[in-house]
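Hi,

Here is the model I promised to pass on. Have a look at it first, and then read my notes below.

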Amino acid sequence: MTQDTTIQLLEEFSPEQFAALGVDKVAYVRPAVVEGQKVYAIHSADGSEIGMMAGRDVAFAAVKQHDMEPVSVH
């Protein structure tokens, strides 16, 4: 497959298809506030919340324990 062919295929992807690409490989970690407490929400690539941790480092460790790559969202 050439680079032009790959680009053409990617341009045809819907937002939902892009989200599904990394759904089992990438998890997004972002700060949130729950009941007045700062926490770190963990979301799969499709945006589904899959967890919440009290600390950022703990959230990243939890993601890695599940063989996923954590990505910080600000």
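Predicted model: local features only at pLDDT ≥ 70, side-chain atom pairs only at ≥ 80, totals over all residues.

Strand E1 (residues 26–34) runs parallel to strand E4 (residues 69–72), and the two are joined over four bridges. For the terms: helices (H or I, at least four residues) and strands (E, at least two) are DSSP runs numbered from the N terminus, and two strands count as paired if DSSP finds at least two bridges between them. Tyr28 is the residue that faces Val71 in E4.

Before going further, the ground rules. Residues are numbered from 1 along each chain as its sequence is written, and side-chain values use heavy atoms, with hydrogens and water left out.

E1 also pairs with strand E2 (residues 37–44), this time in the antiparallel sense and over eight bridges. There, Pro31 has Tyr40 of E2 as its bridge partner. E1 and E2 make a hairpin with two residues between them. Overall, the chain has three helices and four strands, in the order α-α-β-β-β-α-β along the sequence.

Glu35 is exposed, with a relative accessible area of 80%. On the cut-offs: buried means under 20% relative accessible area, exposed over 50%, and partly exposed in between (1.4 Å probe, protein chains only).

Asp67 is not a glycine either, and has a positive phi of about 55°. Asp67 sits in the loop between H3 and E4 and is exposed, at a relative accessible area of 70%.

**The core**

The largest nonpolar core has nine residues: Ala27, Val29, Tyr40, Ile42, Ala59, Phe60, Ala62, Val63 and Met68. E1, E2 and helix H3 (56–65) each give at least two residues to this core, and the largest share, four residues, comes from H3. By nonpolar core I mean a set of buried Ala, Val, Leu, Ile, Met, Phe, Trp, Tyr and Cys residues joined through side-chain atoms within 4.5 Å. In soluble globular proteins, nonpolar side chains tend to be buried together.

Val63 belongs to helix H3 and is buried, with a relative accessible area of 4%. Setting aside neighbours within four places in sequence, Val63 is in contact (heavy atoms within 4.5 Å) with Ala27, Val29, Ile42, Met68, Glu69 and Pro70. Ile50 is 13 residues from Val63 in sequence, and their C-alpha atoms are 9.8 Å apart.

Phe60 has a charge over its ring: the charged end of Arg56 is 4.3 Å from the ring centre. That term needs NZ of Lys or CZ of Arg within 6 Å of the ring centre and within 35 degrees of the ring normal.

**Whole-chain numbers**

- Of the 74 residues in the chain, 27% are buried.
- Among contacts between residues at least 6 apart in sequence, 27% join residues at least 24 apart.
- The chain exposes about 5,400 Å², with 55% of that from carbon and sulfur atoms (Shrake-Rupley method, 1.4 Å probe; for residues, only the protein chains shown count as cover).

Cheers
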